[in-house]
Amino acid sequence: MAVSADPPRVFPVDDFVREELYPGYRQAFGSQPFVAGPVRPFSLADNERYWLRDSLHFSEGMVPASIATLDDAQTWGAQLGAEIVGVPPTRGSVNRLAGTHVYIGTIDVDTQWQVQARAARFGQYVSPILADFGSYWSMRAAELTAAYEYFDHLDLAAMSPAELWTTLKDAYAFHRRAWFIHFEVMYVLTANYLAFYALAEEIGLQGSSVSSFLSGQQTFYSRTDEELWRLAGLARSLGLDGALTQGSPADMLIRVRALPGGATWVAEFDAFLAVYGQRSEETCRIDTPSWIEDPSPALYSIAGFLAKPTGFDFHAARSAAMLERDAQIDAARRSVNGSDLARFNQALASNQAANFAWWNEEHNYLIDRRAAIPIRRATLALGAQLTDAGRIADPSDMFYLFKPELFEVMESGGSGRWADLAAMIPDRRAYFEHWRERGPSLPTMLGTIPDTVPDPIMIEVFGLSGHFLETLRRDPAAGFGTGVVEIRGFPAAKGVAEGVARVITTVGDLHTVQPGEVLVCGGTTTEWTPAFGIILACVCDTGGSLTHAAIVSREYGIPCVVGTAVATTMIKTGDRVRVDGRAGTVQVLG
Amino acid sequence: MTDAARSDAVVDLAAVRAADAPAVGPKMARLGQLASTGWRVPDGYAITVGALEGWLPATARSELHRLFSVPATGPASLRLSQQARELIEGQSLPSWLADAVADAHARLAARTGRGDALLVAVRSSAVGEDGHAASFAGQYETYLGVSGPDEVLRHIVKCWASGYSAHALDYRRRFGGSGPLRAHDLAVGVLELVDARSAGVAFTLDPVTGDRGRLVVEANWGLGESVVSGQVTPDYWTVERDSGRILERRTGGKLVWSVLASSGEAGGTVLAPLPAELAQAPCLTDDEVRYICRQAAAIEAAEGAPQDVEWAIARDLDLPDSVYFLQHRPETTWASAAPESGAAPAASPAAAPAFDPVQYALRNVFKVPGT
């Protein structure tokens with residue numbers, strides 16, 4: 001595989017430079033988070049820094065109303081979390097938009113005094129939390145759960161406009177709080193994990209192996225999957241599988257209801273949604289429904305499971321994963337001794353009690369996929385009243401207003417501004433659609449590709465390893481010769497598999513994956529989890545040892561290679577590929 | 001099997017004693033012994049090892065042989081395990097045994113006064129399980145909330161098939177030595193399901209340090225499954241053995257509980273989010289904690305070795321009538337190595353410098369000068 005002589009290092013942002021964030025809107029001071037900087041369009045100065053496309057969390061672009069939630073989450077939440085926890089090398093993340101698509105950058109701390117001051121603060125803040133993480137997380141989880149109890153049980157349809165407006169403001173306040181909790185916990189756990197990682201390297205183990213020492217704990221998502229498989233099995237035993245494997249999800253439910261036993265199944269499905277359905281498909285996206293509103297993702301998963309001749313033995317898979325984990329821990333223990341072994345045992349115990357690999361999955365159900373649902377519900381309820389009052393044409397028009405615009409018009413009670421706002425909505429809808437179509441063709445990174453990245457989160461979660469950056473610095477068109485192409489990445493879950501590739505760029509297309517295919521994608525999140533029960537192997541452009549795909553592949557016992565940088569570019573749906581999860585290679589056999 | 005042997009194939013728990021372990025497995029034998037010496041246990045019956053020996057039809061046996069004729073590891077062994085379990089679960093018990101189980105079930109329904117509403121736990125009780133040398137806990141399945149003789153029969157077969165889980169197969173490879181096709185020595189217990197308000201485990205020593213001066217209780221609301229399977233951060237108490245004083249308590253971290261699945265016919269349990277008003281509340285009173293510890297210590301004294309004891313507190317009954325003992329087994333981690341009495345554990349922290357993840361991260365991850 002040839003490397004071009006003079007590799008391009010800058011992917012210019014110039015094409016994406018804008019003054020306005022959307023037609024008719026500039027990010028105002030009022031919306032600016034106080035720590036480091038709000039979500040903005042690119043400016044030319046951004047060519048000096050690196051920017052990673054975050055298709056992991058936001059694959060289809062952001063409508064105007066989602067800018068405020070993005071601001072509160074990955075921008076403000078990360079910055080405040082890093083500030084309060086006192087993470088020494090980073091002040092959190094900052095976001096830019098290319099059109100409507102999210103790129104993430106980091107803010108390095110580069111003066112020695114600040115590093116020292118943060119280090120002192122960090123020790124004081126993190127130590128007591130790690131000493132009793134169970135109690136600490138329980139407390140935070142209870143706070144979030146109590147808020148959902150409140151918001152989920154509000155009768156929005158019976159509210160006056162003033163009450164709805166109050167509810168919407170409460171929902172925004174809660175969302176912001178949820179994201180502070182998110183980043184506070186994340187940075188605390190990151191430190192624990194990275195200490196273990198560095199210790200492992202110091203005593204002669206593979207640092208990347210420590211995440212597999214921490215696997216095997218059940219999460220809300222593994223339980224969701226088990227329930228989906230159970231529902232698939234129930235459908236099969238009731239003879240409903242034919243009705244669930246054709247047509248649109250809405251048709252599926254209508255056909256199932258009409259069959260004998262169908263009502264029983266639908267009642268079970270509704271009971272499932274009541275527990276597991278308070279989740280949307282993407283983070284911060286006000287425009288995406290929860291499963292309760294639109295259960296299509298759950299129905300597609302069930303249809304996918306029914307395409308396999310047998311069920312999935314979760315107990316066996318989990319047992320095997322735990323045995324594998326225990327065997328790896330035993331092997332690690334055998335290879336070190338004396339005080340190294342004692343330190344290994346203490347670091348392992350600390351990480352088992354405060355387990356990033358587990359939390360990285362589990363928290364999504366309390367934060368990432370749920371925190372914006374109260375805002376969505378209140379927004380749509382308010383939108384319905386405004387539609388009735390003739391202010392807007394449709395409740396979903398609300399998605400095309402920015403939060404500061406909405407706050408201004410609602411707080412001032414002025415009706416004149418509604419006409420101006422409503423007039424911009426068609427343009428903004430078109431703008432969103434334009435960029436949604438362009439999404440898959442946007443570069444993985446923009447700006448100056450660095451040699452290394454200091455922020456550990458960017459390495460272990462987003463996968464910005466040295467190899468990843470080096471691959472991106474090559475010219476992909478010139479870099480690969482004829483014959484069998486081999487792509488390298490991070491060896492995330494062992495095993496070898498050969499099969500037909502299915503390249504997916506957005507979670508919305510996940511239902512097209514067929515049993516026995518090799519999934520090739522940018523990266524996966526919890527929404528992708530059900531697919532792991534039917535695929536042969538998984539290959540991702542992004543990701544490191546802590547990535548969702550790595551963790552879930554180990555639980556399902558399939559090979560996985562992440563952080564390849566170029567898999568979705570180099571592999572086409574239908575290609576035959578051979579994935580070696582131990583070597584971290586993917587061969588494209590044509 | 002002779003008619004005489006057939007008549008002993010299913011036995012009521014009241015007739016079971018410790019010496020019956022080779023026939024009903026140690027789990028059921030200990031429970032029968034416990035009941036006979038006055039502890040409150042759920043009523044039930046056991047299907048003996050002899051009754052289940054060789055029940056699998058010859059065609060299914062040869063199919064199993066074929067499956068396991070090639071060694072397999074990793075995902076292949078998972079598939080193998082799945083195929084074996086499906087094959088076994090597709091078979092039916094012989095009709096004489098089905099009749100004997102139905103009779104025993106009818107007797108139990110009458111004794112408990114529950115009639116058709118009777119819900120039971122179907123528990124694997126393997127001979128060679130829970131040995132002192134190594135813990136076989138969890139090699140075979142237990143099914144809760146099973147209703148009616150037909151479902152009981154189906155779950156007996158499932159228990160038997162669970163001996164072919166990947167976990168159990170691997171375990172046998174590592175500790176059993178004789179490969180996947182060695183016959184199961186499996187008995188099955190069928191016990192009335194306690195309608196548990198709260199349930200959990202008591203350890204007659206501190207399972208982390210091995211300190212025998214303390215007992216530890218872990219518990220959650222609802223059925224004990226969430227605690228036993230480690231799916232919840234349970235409420236936690238340590239109790240001083242000599243004084244019965246509660247030394248430590250950690251409550252309020254519970255997010256989920258195990259409850260019976262709402263779909264009656266299928267049975268089983270589900271893990272559901274815990275209602276908010278229960279999440280923060282301790283699931284046992286101090287009196288309950290102390291009572292459970294006293295009884296666990298008495299069981300330990302009778303057995304002559306540290307035990308872990310599973311128990312449940314029946315809804316709507318008062319202490320002490322509310323407390324049922326479900327099973328107990330020798331505590332295996334510290335059974336051979338535990339310090340004798342209330343002294344601190346032998347493992348000396350002075351032997352190695354303590355590992356502080358925060359300081360280590362500052363020095364070796366964030367590389368802050370001077371840390």
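Colleague: Why is A:Val588 called buried?

Modeller: A residue is buried if 20 or more other C-beta atoms lie within 10 Å of its own, exposed if 12 or fewer, and partly exposed in between, with C-beta atoms placed from the backbone. A:Val588 has 20 other C-beta atoms within 10 Å, so it counts as buried. This is a predicted model, in which local features need pLDDT of at least 70, side-chain atom pairs count only at pLDDT 80 or more, and totals for chains, interfaces and linings use all residues. Residues are numbered from 1 along each chain as its sequence is written, while chains are lettered from A and ligands numbered from 1 in the order in which they are written.

Colleague: Which strand holds A:Val588?

Modeller: Strand β14 of chain A, residues 585-588. Helices (H or I, at least four residues) and strands (E, at least two) are DSSP runs, numbered from the N terminus. The C-alpha atom of A:Val588 is 9.3 Å from that of A:Ala501, although the two residues are 87 apart along the chain.

Colleague: What makes A:Cys284 stand out in its backbone?

Modeller: A:Cys284 has a positive phi of about 65° and is not a glycine. Most residues other than glycine have a negative phi. A:Cys284 sits in the loop between α9 and α10 (296-306) of chain A. It has 27 C-beta neighbours inside 10 Å, so it counts as buried.

Colleague: What is the phi of A:Ala565?

Modeller: Positive, about 70°, and A:Ala565 is not a glycine either. Its loop runs between β12 (560-562) and α21 (567-570) of chain A. A:Ala565 is buried because 27 C-beta neighbours fall inside 10 Å.

Colleague: Why do the buried residues of α9(A) count as being on the same side?

Modeller: The buried residues are A:Trp265, A:Glu268, A:Phe269, A:Phe272 and A:Tyr276. They cover an arc of only 100° around the axis, so they share one side of α9(A). The arc is that of the directions from the helix axis to the C-beta atoms. An α-helix has 3.6 residues a turn, so residues three or four places apart point the same way. On the other side of α9(A), A:Ala263, A:Ala267, A:Asp270 and A:Ala274 are exposed.

Colleague: What do the buried residues of α9(A) pack against?

Modeller: Against α6 (220-237) and α8 (249-258) of chain A.

Colleague: What makes α2(B) mostly covered?

Modeller: Of its 16 residues, 12 are buried, including B:Lys27, B:Met28 and B:Leu31. The buried residues pack against β1 (10-12), β2 (44-47), β3 (119-126), β5 (186-192) and β13 (323-330) of chain B.

Colleague: What kind of peptide bond joins B:Leu319 and B:Pro320?

Modeller: A cis bond, with omega about 0°. Most peptide bonds are trans. B:Pro320 lies in the loop between β12 (307-314) and β13 of chain B.

Colleague: How many residues does each chain bring to the contact between chains A and B?

Modeller: Chain A brings 48 residues and chain B brings 40. Two residues are in contact if their C-beta atoms, placed from the backbone, lie within 7 Å. Helices of chain A that each supply at least two residues to its side include α4 (161-202) and α9 (262-276).

Colleague: What is the largest nonpolar core made of?

Modeller: A nonpolar core is a set of buried Ala, Val, Leu, Ile, Met, Phe, Trp, Tyr and Cys residues joined through C-beta atoms within 7 Å. The largest has 279 residues, and A:Ile302 and A:Ile535 have the most contacts inside it. Helix α4(A) gives the largest share of this core, 23 residues. Beyond its neighbours within four places in sequence, A:Ile535 is in contact with A:Val513, A:Glu517, A:Val518, A:Leu519 and A:Ile558.
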